[in-house]
Structures are given as C-alpha cells and as structure tokens.
Amino acid sequence: MSGLRIFVDFAPAPDVLELLQQETRGHQLVFARTLATSVLAKPEPDPQFSTVDVAFGQPDPQAIEGAARLKFIQVSSSGITRYDNPKFRSLMAGRRIAVCNSASVYSEACALHALSFILGQARNLPLALKTRTANGTDTWHALRGACAPLRDQTVLIVGFGAIGKRLAEMLAPFHMKVMAYRRKPRGDEGMPIITPGGLGHALAKEADHVVNILPDSTETRFFFDVARFSNMKPGAVFYNIGRGTTVDQDALHAALHSGRLKAAWLDVTEPEPLPDHHPLWAEPSCYITPHIAGGHTGEAKTLVHHFLRNLNRFVQGEPLLDRVM
C-alpha cells in the first residue's frame, strides 16, 4: 500500500520533520493549516482532511466523520478523551477505521514520575531538601524518623493500562503489595484486581498509596469525590498522574486539611495551572508538578518513531501497536 496521504496537525522540530519526511517517502505528508500547540487544544477544522488516508495527531472528530478516505488514525497522546464515546467507537467500527493511541511512548516516563512521587514521599524529600540542621539535633532525628520503608505497604493503582502495568513492574523490587482497580478484569494482570464492588474496602482498609491514572471521560469525572476521599484509610497518600477532571479538588483539599490524607502528589489539575488563589497551593502536604509526567528527552522523536512503526505495520497488514479501536 503506497501513495497514502498522511495528515499531520502539529509542527515537528527540523530534525523530527526530516525523520518524518525520510521515512514516509512514497507517501504524501499533508500538514494542517492551523497547527496544534497542545494535545489538549481543540482541533481546528481543515478542508484538506477530507482527502487524507491516515491521520497523525489530534484530528477533529467532526472532520473524521466526513473523511471518506480515512483508514487509520494515530493519536499523538496516551489519552483519547475526545474520541472515547459510543458514537465515535460505533463509527470507527462501522467504517473499519483503525485507531491507535501513543500509550507506549509515554508509559515509561509517566510510570517513572509516579515512582518518583512515591519515593519522594517515602523519604520525606520536600521537607528534607529545604531543611538545614546539624547531625543529632531534634530536627535531624525527626526527619530521619519520618522516612518510612515501602516494604509491605500497599499500592492501589486506579486505571490499569500501559502506565499502570509499567509502574507495577517498577515497584516490584520494593516488596510492596500492588493491587489494581479495573471495571472489567482481563485475567492477565498478574496481581490482585479490585472491581467496583470491592473498591470501598480496598480504599478504607488496605491502600496506603492510591495512584490515580484514570483518563477523562463521562464515567471518570469526579471519580475521586467527597465520599471516596472520606472513605480512604487514615494517613493514606494520593497521587494523580491521570487527568485533573477525575478529582474533586475541593474534596481533596478537605481531606488533606483535616489530616485524613497524609499527602497528595499531583501532576495534573483542573484547570492547568491551578489559579494562584487555589487552596491546594497553600496545603503544606500537597505537591504539584506542571503536567510533565510523560515528558522525556527526545519525546517528539520517540512519538514519530512509534507512528512510523505503526504506519509500516498498517501498510503490511500487521497488527497495530496500542490499538484502542
């Protein structure tokens, strides 16, 4: 299969553009007239889209409906929020359009970020890094005593996809008990799976660390609400590297302020960034990074290499990587 028209809606750096051009010889790259500045930005309609066979980026769902030639979509993010609805899934199934995300591009970095959060909490790094004290003082002893071993503690991963799987692998050497929450277990997770009926007990009685990796959807918005935070094991730590919309941030603040939760580590919020006056900024046990969990050196090249591998598989009629529809 040659001579495909490939729509790209972001602006690659010169070296990445050269890679993309070299590896798609025999096909035609069609760049969007309005290039996206973020994977979270709303796509702009583009009349060229109706003429393409392949889309790479964050194509407009409405434009996809009218693109009669379209055969394959490679979403340039791990999340597929704007496409994850019954109507779109039905359309893709009916027209046999393959849809893949880029989960494997970001899973390593996201899992490493979550692990860094857990280790930072275990070693009390935020306080230790800003504390200057002599060996043997009361402050020194308090800092040492606040560092908790991870062995035998329980981690509950909520949203078990590529990132959660990689995080579980990274946690293995620490001899923690790792559980995962899934609405529908597949049977190949390799760890205890918590289903909706058991989530309340797992939060209240077992989970010392709750790692939220849920995507944004109508089913997950405010998933962590007043009831769930109020039900968490006293002294638990909450982490969010999924989406800010999955958390009721007022409820999270209340749980932190009351001491129900020991700490929260967030890479995502709603909105991003949080307004300066938001109370989470003032919570001494809340630590926020600016949505960088998936970032890594050479990120754009990694993303393009992933697309090129899938493009080759598509042309050869082979199974696609990270296929979600």
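Two strands are said to pair if DSSP finds at least two bridges between them. Helices (H or I, at least four residues) and strands (E, at least two) are themselves DSSP runs, numbered from the N terminus. The structure is a predicted model, in which local features need pLDDT of at least 70 and side-chain atom pairs count only at pLDDT 80 or more, while totals for chains, interfaces and linings use all residues. Residues are numbered from 1 along each chain as its sequence is written, and side-chain values use heavy atoms, with hydrogens and water left out.

Five strands form an open sheet in the order 2-1-3-4-5, with parallel pairing. Strand 2 and strand 5 are the edge strands, each pairing on one side only. Strand 1 (residues 5-10) is joined to strand 2 by five bridges, and Phe10 stands opposite Ala36 in strand 2. Three bridges join strand 1 to strand 3 (residues 54-57), where Ile6 stands opposite Val54. Strand 3 in turn pairs with strand 4 (residues 72-75) over four bridges, and Val54 stands opposite Phe72 in strand 4.

Helix 12 can now be placed against this sheet. It lies across strand 1, strand 3, strand 4 and strand 5, running at about 160° to strand 4. Angles run from 0 to 180 degrees between N-to-C directions, and axes are lines fitted to C-alpha atoms, for helices over the stretch in contact. The buried residues of helix 12 (buried means under 20% relative accessible area, with a 1.4 Å probe and protein chains only) include Leu303, Phe307, Leu308 and Leu311. The buried residues of this helix pack against strand 1, helix 1, strand 3, strand 4, strand 5 and helix 4. Gly317, whose phi is positive, near 75°, follows helix 12.

Two packed helices are described by the angle between their axes and the distance between the axes. For helix 4 (residues 103-122) and helix 12 (residues 299-316), the angle is about 145° and the axes are 9 Å apart. Ser104, Val105 and Tyr106 of helix 4 make the contact (heavy atoms within 4.5 Å) with Glu299, Thr302, Leu303 and His306 of helix 12.

Thr24 lies in the loop between helix 1 (14-23) and strand 2 (28-36). Thr24 has a relative accessible area of 2% and is therefore buried. Apart from its neighbours within four places in sequence, Thr24 is in contact with Ile6, Leu29, Leu308 and Leu311.

Conventions
Buried < 20%, exposed > 50% of the residue type's maximum accessible area, 1.4 Å probe, protein only.
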